[in-house]
Amino acid sequence: MDKNFAARRRRDLIIAAVLAVMAALAPLFVKDVYVQNILILTLMYAALSQSWNILSGYCGQISLGHALYFGIGAYTTELLFTKFGVLPWFGMISGGVIAALIAMVLGYPFFRLRGHYFVIATIVIAEIGLLLFQNWDWAGAALGITIPVRGDSWLKFQFLRSKLPYFYFALALCCLAWFVTWWLEDSKWGFWWRAVKDNPDAAESLGVVVFNSKMGAAAVSAFLVAIGGAFYAQYLAYIDPESVMGFQFSLLMALPAVLGGIGTLWGAVLGAAILIPMTELTRSYIGGSGRGVDLIVYGTLIVLISLALPQGLVSLFSRAKAKGATR
Amino acid sequence: MTALLETRGVWQRFGGLVANSDVSISVGRGEIVGLIGPNGAGKSTLFNLIAGVLPPTQGSIWFDGQDVTRMRAAERCQLGVGRTFQVVKSFETMTVVDNVIVGALVRNTVMREARRKAYEVLDFTGLAARAEVLASDLVPAEKRRLEVARALATEPKLLLLDEVLTGLTPTEAQTGVALVRKVRDAGITVLMVEHVMEIVMPLVDRAIVLDLGKVLVEGKPTEVVRDPKVISAYLGDRHAVSA
């Protein structure tokens with residue numbers, strides 16, 4: 001029994017390594033910058049959704065306010081860079097730490113709420129964050145911050161001639177988020193989180209301090225999402241409140257994991273791999289007419305997938321496995 | 001030697017309702033004690049106070065020589081109080097063994113050890129064959145068993161069983177009784193709330209009868225069942241007189 005488990009863990013790791021290598025080789029074949037952009041966004045949202053999944057999927061605290069942490073990552077990096085000349089790499093880490101701290105400060109009152117009330121609180125807080133940044137003059141208010149162009153440099157994490165460095169960073173971030181999840185799955189925290197999600201009362205009776213578990217999940221989740229935000233800001237080279245803290249980011253972090261399979265190791269990656277290209281392609285081929293046909297198609301596809309596979313896309317694989325096992 | 005568990009003058013009020021009034025009981029090491037009483041006697045409330053779900057309105061609770069009155073359930077678990085729930089609370093999306101690992105993590109910080117401990121407990125409770133099944137796929141009797149397994153994995157000194165034998169078929173109940181004996185033989189003190197008198201009476205060393213939130217009678221099961229006060233509490237005064 002024990003061996004099965006270890007073998008499954010190893011198999012996941014090997015699949016991930018193979019996929020990562022394949023992804024790393026993709027730029028050899030994909031020269032088109034438009035497609036490269038889609039790949040970068042897909043990897044970024046996979047990473048974000050994987051991070052969101054830690055708090056909302058594993059620990060069961062559904063957040064629709066993660067745009068706040070994304071924005072904090074972006075703003076911390078760019079404010080430190082443009083105002084104090086701090087390199088984006090330090091800004092990125094600082095953004096992560098600040099986001100994690102804010103997640104815990106917010107968690108202190110909000111983790112006492114259960115179910116829907118928690119979700120509502122996360123939405124409201126993210127909206128308040130958005131309003132604050134829209135009116136904060138020092139941080140550029142609604143006009144935002146333009147990142148000064150200093151030429152290609154790894155030190156300043158800025159590249160004008162090629163998208164490839166961004167691609168590899170997004171890939172690395174995606175691998176990191178996946179690996180953290182993989183590692184946490186077989187850790188004390190991972191078990192505590194799933195227990196808290198399934199039944200907080202029973203978890204508490206088994207020595208799990210439910211409140212602290214939620215705080216831990218929130219901190220890890222917010223940290224990783226803020227790193228993603230810092231990356232996005234560098235990638236766009238321009239940020240304003242709406243473009244890094246808008247509600248759509250909260251949704252785009254939740255959707256891939258939900259569609260792929262919430263609280264699973266592969267759900268977020270699988271969901272992002274299907275959802276993000278679908279978003280971009282419907283937008284570029286049938287969008288732009290001003291009639292919103294792309295959004296109708298996009299929404300319909302999401303509804304269809306959720307109806308057919310309520311457990312997420314990963315259930316396609318586990319179903320096949322279950323059949324094989326009964327034989 | 002001091003008692004393992006003691007409640008001293010415990011009161012619990014919910015608004016105007018008094019669920020426990022001045023309850024003082026003690027449970028000695030190695031005993032199986034039955035907490036019985038008719039519906040609404042305050043058994044479950046007392047049980048939850050001991051487990052740490054809520055603090056008593058008044059009075060104190062002592063465990064293993066320590067005042068635990070203000071301690072939360074998780075802390076009491078770390079001290080050695082394990083419990084099951086009357087309405088089973090399995091972690092439904094997790095496998096049986098994963099459910100038990102959550103409990104085992106209290107005393108084992110290394111995952112490998114927690115996992116080994118979990119399999120050991122599954123063997124002990126007769127669930128080993130179901131280890132890899134999702135908890136949601138278990139039949140009710142197995143779920144009860146899983147509750148016990150999970151609590152045992154925390155390596156408790158005192159195991160609180162909340163109606164684990166209720167609602168089972170006679171055969172299932174007999175296996176349950178055997179399991180409780182096995183637990184006691186492993187050196188764990190048991191306090192069990194039960195409804196079904198004929199099952200619980202041969203099993204326990206001592207019975208405490210609660211009625212209307214108070215301790216009515218306490219003693220050997222054979223004496224308790226003949227006590228007129230107990231009979232009247234369960235069946236009404238008419239029967240008590242004829243007995």
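The predictor's confidence in each residue is called pLDDT and runs from 0 to 100, and two residues are in contact if their C-beta atoms, placed from the backbone, lie within 7 Å. This is a predicted model, in which local features need pLDDT of at least 70 and side-chain atom pairs count only at pLDDT 80 or more, while totals for chains, interfaces and linings use all residues. Residues are numbered from 1 along each chain as its sequence is written, and chains are lettered from A and ligands numbered from 1 in the order in which they are written.

**Exercise 1. Confidence**

Task: Find which residues of chain A have pLDDT under 50, and how many contacts beyond four places in sequence the model has for them.

Solution: Begin with the averages, which are a pLDDT of 89 for chain A, where 95% of the residues score at least 70, and a pLDDT of 91 for chain B, where 97% of the residues reach at least 70. The model as a whole scores ipTM 0.90 and pTM 0.90. Next, look at residues 322–327 of chain A, where pLDDT stays under 50 and the model has 0 contacts beyond four places in sequence. Where pLDDT is low, the predicted coordinates should not be read in detail.

**Exercise 2. Two partners of one helix in chain A**

Task: Describe how H9(A) packs against H7(A) and against H2(A).

Solution: Two packed helices are described by the angle between their axes and the distance between the axes. The axes are lines fitted to C-alpha atoms, for helices over the stretch in contact, and angles run from 0 to 180 degrees between N-to-C directions. For the pair of helix H7 (residues 188–198) and helix H9 (residues 210–236) of chain A, the axes come within 10 Å and cross at roughly 115 degrees. H7(A) and H9(A) are therefore roughly perpendicular to each other (angles under 35 degrees count as roughly parallel, over 145 as roughly antiparallel, 65 to 115 as roughly perpendicular and the rest as oblique). On the H7(A) side, Trp189(A), Trp192(A), Trp193(A) and Val196(A) make the contact, and their partners in H9(A) include Val210(A) and Ala217(A).

Turning to helix H2 (residues 33–58) of chain A, its axis lies 8 Å from that of H9(A), at an angle of about 165 degrees. That makes H2(A) roughly antiparallel to H9(A). The residues that meet include Met44(A), Leu48(A) and Trp52(A) in H2(A), and Ala217(A), Leu224(A) and Phe231(A) in H9(A). By class, this contact has 14 nonpolar, 3 polar and no charged residues (Ala, Val, Leu, Ile, Met, Phe, Trp, Tyr, Cys and Pro count as nonpolar, Asp, Glu, Lys and Arg as charged, and the others, Gly among them, as polar).

**Exercise 3. Chain B and its contacts**

Task: State how chain B is divided into domains, and which of its helices each supply at least two residues of the side that touches chain A.

Solution: Domain 1 of chain B covers 1–80 + 159–243 and domain 2 covers 90–155, with bounds that come from an automatic or database domain assignment. Their centres, taken over C-alpha atoms, are separated by 25 Å. The contact between them takes 8 residues from domain 1 and 9 residues from domain 2. On the side of domain 1, helix H2 (73–79) and helix H6 (170–185) of chain B each give two or more residues, and H6(B) provides the largest share, 3 residues.

For the meeting of the chains, 26 residues of chain B are in contact with 19 residues of chain A. H2, helix H3 (96–104) and helix H4 (111–125) of chain B each supply at least two residues of this side of chain B, whose residues divide into 14 nonpolar, 5 polar and 7 charged. H4(B) also packs on helix H5 (residues 140–153) of chain B, with axes that come within 9 Å and cross at roughly 135 degrees. That makes H4(B) oblique to H5(B).

Conventions: Helix = DSSP H or I, 4+ residues; strand = E, 2+ residues; numbered from the N terminus.
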